[in-house]
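Hi there,

Here is the structure I promised to pass on to you. Have a look at it first, and then read my notes below.

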Amino acid sequence: MLKKIEYFAIRKAFESCYPFPTKEPFISYVIACKGRRYHLEQTLRKNIENNKDYRNQEFLVIDYSSQDGLSDWVEANFKPEIESQLVRLIQVPHQIHWSFPRAKNIGHQLSRGDIICNLDADNFSGPNFSS
């Protein structure tokens, strides 16, 4: 068993190389969609509920010119979350062809997170994933 002094010396040496964060990092979930409203209807609310105990996060929904009413659905069903900026809706108009890399890059550029996590519209994060 390590003596207390040796333990603290080892921990201090480790922390100097790999400092522990002093605050919870801000996490941005980037969800890029084009024509995926059906999937997002099943996953977005559940992902928010699964991570409700973690306060420093946002869910960016990138609507890449969806023709299925995606933006209208998000605005109608997530008003409180949009007002609190837990959910942020980004509309990219006039895009005929789907470009996954461009949609994700837009989300990454507009995110506020220390950590960026990509989610597809049909992905569930799982309980307490943010923690």
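**What I found**

Read along the sequence, the chain follows the pattern α-β-α-β-α-α-β-α-β. That comes to 5 helices and 4 strands, where helices (H or I, at least four residues) and strands (E, at least two) are DSSP runs numbered from the N terminus. The model is predicted, so local features need pLDDT of at least 70 and side-chain atom pairs count only at pLDDT 80 or more, while totals for chains, interfaces and linings use all residues. Residues are numbered from 1 along each chain as its sequence is written, and side-chain values use heavy atoms, with hydrogens and water left out.

**The chain as a whole**

Of the 131 residues in the chain, 37% are buried. Here buried means under 20% relative accessible area, exposed means over 50%, and partly exposed is in between (1.4 Å probe, protein chains only). Among contacts (heavy atoms within 4.5 Å) between residues at least 6 apart in sequence, 79% join residues at least 24 apart.

**The cores**

In soluble globular proteins, nonpolar side chains tend to be buried together. A nonpolar core is a set of buried Ala, Val, Leu, Ile, Met, Phe, Trp, Tyr and Cys residues joined through side-chain atoms within 4.5 Å. The largest one has 20 residues, of which Ile 31, Leu 40, Leu 44, Phe 59, Val 61 and Val 74 touch the most other members. Two or more residues come from each of E1, H2, E2, helix H3 (70-77), E3 and E4, and E1 gives the largest share, 4 residues. A second, separate core has 9 residues, including Ile 62, Ile 90, Val 92 and Ile 106.

**Helix H2 and its end**

H2 has 14 residues and reaches 20 Å from its first C-alpha to its last, close to the 20 Å expected at 1.5 Å a residue. That expected span is 1.5 Å times one less than the number of residues. H2 also has a kink of about 30 degrees, centred on Thr 43; the bend at a residue is the angle between axes fitted to the seven residues ending there and the seven starting there.

The buried residues of H2 are Leu 40, Thr 43, Leu 44, Asn 47, Ile 48 and Asn 50. Their cover includes E1, E2, H3, helix H4 (79-83), E3 and E4.

Not counting residues up to four places away in sequence, Asn 50 touches Ser 125, Gly 126, Pro 127 and Asn 128. Asn 51 sits in the loop between helix H2 (37-50) and strand E2 (57-63). Is Asn 51 buried or exposed? Asn 51 counts as buried because its relative accessibility is 1%. The side chains of Asn 51 and Ser 125 are joined by a polar contact of 2.8 Å. For a polar contact, a pair of N or O atoms must be within 3.5 Å; within protein, one must be able to donate a hydrogen and the other to accept it, and residues adjacent in sequence count only if both atoms are side-chain atoms.

Which residues of helix H5 (residues 100-110) are buried? They are Ala 103, Lys 104, Ile 106 and Gly 107. These lie on the same side of H5, because they cover an arc of only 155 degrees around the axis; the arc is that of the directions from the helix axis to the C-beta atoms. On the other side of H5, Pro 101 and Gln 109 are exposed. The cover over the buried residues of H5 includes strand E1 (27-33), E2, strand E3 (87-91) and strand E4 (115-119).

In the loop between E3 and H5 you will find Gln 95. Gln 95 counts as partly exposed, at 22% relative accessibility. The side chain of Gln 95 makes polar contacts with the side chains of Tyr 64 (3.2 Å) and Arg 102 (3.5 Å). Gln 95 and Ser 65 are 30 residues apart along the chain, and their C-alpha atoms are separated by 5.5 Å.

Enjoy exploring!
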